[in-house]
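Take a look at the protein chain shown here. We will start at one residue on its surface and then work through the rest.

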Amino acid sequence: MNNRSSDMAGLGARRAAAALIGDVLTSRRPLDEAFAAEAAGGALARVAPRDRAFARAIAATVMRRLGTIDHLIDAMLDKELPKRAGPVRDILRAGAAELLFLRVPAHAAVAMNVETANKDTTAKHYKALVNAVLRRLAREGDAMLATLDTERLDTPDWLWESWTGAYGEETTRRIIRAQYENPPLDLSLKDEASAAVWAETLGAAILPTGTLRLEDAGRVEELPGFEEGAWWVQDAAAALPAKLLGDVKGREVLDLCAAPGGKTAALAAAGADVTALDRSKPRLERLNENLARLGLPVRTVAADAASWSPGRQWEFILLDAPCSATGTARRHPDVLRLKSPADRDKLAALQARLLDNAASLLAPGGTLVYCTCSLEPEEGERQIEAFLARQAAFARKPITPAEAGGLEEIITGEGDLRSLPCHMGIEGGMDGFFAARLTRR
Ligand SMILES: C[S@@+](CC[C@H](N)C(=O)[O-])C[C@H]1O[C@@H](n2cnc3c(N)ncnc32)[C@H](O)[C@@H]1O
């Protein structure tokens with residue numbers, strides 16, 4: 001590539017990054033959705049795969065570091081940017097992320113983002129301002145950064161209150177630092193007995209929980225074993241709840257809220273006869289595609305799990321309830337910016353209804369595993385306390401550390417699973433998950 005065309009490729013990545021930031025923060029769209037839409041016909045449509053990944057990395061860094069980045073930009077502006085400045089703030093945010101956190105050389109980060117402003121009909125009037133702010137950030141940004149409590153600045157107030165209340169300030173800061181990092185790629189194997197072979201083939205580590213972990217994996221579809229369906233992508237923490245049902249070989253299992261099917265796959269791979277239910281038909285289609293690639297057939301049902309009443313009961317039920325997903329901010333940093341306490345409360349009310357209906361579908365003596373990928377106690381510990389208070393026939397069947405790869409730190413005194421992004425820190429962390437195992441007496 002000559003200099004001119006490589007410069008143009010870099011420009012495409014910057015323009016796309018600013019568009020993605022606007023899609024999430026102004027249009028309130030999840031980053032993955034925004035990325036797919038921009039790739040289908042928007043700012044990413046004619047951008048090469050490597051530059052697409054760079055645009056995503058810039059946008060993700062802005063989501064992770066938004067409080068700090070906006071604080072620094074505000075400190076450098078004499079007055080607030082007017083509304084008519086259009087995408088100027090997003091261009092400045094992208095430039096700041098490049099300079100301070102992605103460590104892009106200053107000349108490239110400044111020139112490319114000034115040119116991004118220049119190409120925009122509104123932002124071009126602020127080209128000189130973008131140039132001045134980014135140059136100053138390049139000179140003084142690191143020194144200013146050293147004086148800031150970035151962990152506090154980067155955490156929305158409601159999450160800071162929730163996490164310090166539940167886990168204490170020191171652990172909250174560890175959670176936030178874990179969220180700053182790019183997470184590794186985790187894979188669950190269809191045949192766990194072949195872990196050593198696949199670890200060698202993929203250059204992966206085997207975690208204590210059995211998950212394979214890869215650093216800098218590249219495109220998932222190009223990895224060995226993808227085509228033949230030897231594994232599926234699943235965070236190490238997300239791989240645990242299905243295992244908590246115990247030995248399900250040859251047994252009927254009801255997987256409520258199943259799509260896109262990560263846990264369904266684990267149950268089917270363990271030899272269970274799975275009925276996978278989800279309310280969303282498009283998501284069930286994805287589940288069917290995913291399970292077809294893995295060669296693991298399951299029965300699917302499109303229904304509302306809060307009211308579904310098929311006239312029979314199951315001995316084993318997994319309820320992976322919809323939640324605020326605040327435990328997944330390592331992989332989806334936009335959740336920090338898009339979710340609110342109102343979302344959490346609405347979802348907690350839905351989870352209670354889902355739990356009550358799941359309870360009615362469980363046979364006496366059966367096992368129900370409830371889980372969410374949320375760090376909020378309302379969607380985890382408190383949800384289960386309230387359930388046990390209103391359902392006298394149910395009790396906890398405590399989970400032991402041995403069932404979670406020997407990770408004592410993720411099992412609570414009550415025998416629930418509570419993983420945090422900072423757990424398994426040396427290995428690269430894990431998503432925040434809650435799981436409780438219940439039985440009907
Ligand atoms: C956390 S995701 C499930 C992830 C899935 N278990 C996995 O491991 O891949 C929650 C799912 O619940 C579904 N859902 C939300 N409300 C529902 C309801 N009332 N009944 C059934 N499914 C519902 C959503 O469509 C979504 O697919």
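D216 is exposed, because its relative accessible area is 80%. D216 sits in the loop between β3 (212-214) and β4 (231-233). Its phi is near 45°, a positive value in a residue other than glycine.

A word on the source: this is a predicted model, where local features need pLDDT of at least 70, side-chain atom pairs count only at pLDDT 80 or more, and totals for chains, interfaces and linings use all residues. Residues are numbered from 1 along each chain as its sequence is written, and side-chain values use heavy atoms, with hydrogens and water left out.

Stay in that loop for a moment. E227 also lies between β3 and β4. With a relative accessible area of 68%, E227 is exposed. Now jump along the chain. E227 and L294 are 67 residues apart in sequence, yet their C-alpha atoms are 8.7 Å apart in space.

Now step back to the whole chain. How many helices and strands does the protein chain have? There are 16 helices and twelve strands. Both are DSSP runs, numbered from the N terminus: helices are H or I with at least four residues, and strands are E with at least two.

Next comes the overall shape. The C-alpha trace spans about 70 × 45 × 40 Å along its principal axes. A compact globule of 441 residues would have a radius of gyration near 22 Å; the protein chain has 23 Å, so the two agree. That radius is taken over C-alpha atoms, and the globule rule is 2.2 Å times the number of residues to the power 0.38.

What about inside and outside? Of the 441 residues, 55% are buried. The chain exposes about 19300 Å², and carbon and sulfur atoms supply 50% of that area. Accessible areas come from the Shrake-Rupley method with a 1.4 Å probe; for residues, only the protein chains shown count as cover.

Contacts tell us how the chain folds back on itself. A contact means heavy atoms within 4.5 Å. Take the contacts between residues at least 6 apart in sequence: 71% of them join residues at least 24 apart.

Now look at helix α9 (residues 169-180). At 1.5 Å a residue, its twelve residues should span 16 Å; its end C-alpha atoms are 17 Å apart, so the helix agrees with the rule. The expected span is 1.5 Å times one less than the number of residues. Several residues of α9 are buried, including T171, I175, I176 and Y180. Which helices do the buried residues of α9 pack against? They pack against α3 (49-76), α7 (150-153), α8 (157-167) and α14 (335-338).

Helix α15 (residues 341-360) passes the same kind of check. Its 20 residues should span 28 Å at 1.5 Å a residue, and its end C-alpha atoms are 29 Å apart, which agrees. Among the buried residues of α15 are R344, L347, L350, Q351 and N357.

Move to helix α12 (residues 262-269), where T264 is found. Is T264 buried or exposed? T264 counts as buried because its relative accessibility is 0%. Leaving out residues up to four places away in sequence, T264 touches D255, A258, V274, A276, L287, L291 and V298. A cis peptide bond joins A259 and P260, with omega at about 5°.

D191 is found between β1 (185-189) and α10 (195-202). At 45% relative accessibility, D191 counts as partly exposed. D191 and A266 are 75 residues apart in sequence, while their C-alpha atoms are 9.8 Å apart in space.

R28 is in the loop between α1 (3-25) and α2. Its phi is near 60°, a positive value in a residue other than glycine. R28 counts as partly exposed because its relative accessibility is 45%.

R46 is found in the loop between α2 (31-41) and α3. With a relative accessible area of 85%, R46 is exposed. R46 and G12 are 34 residues apart along the chain, and 7.9 Å separates their C-alpha atoms.

Methods. Buried < 20%, exposed > 50% of the residue type's maximum accessible area, 1.4 Å probe, protein only.
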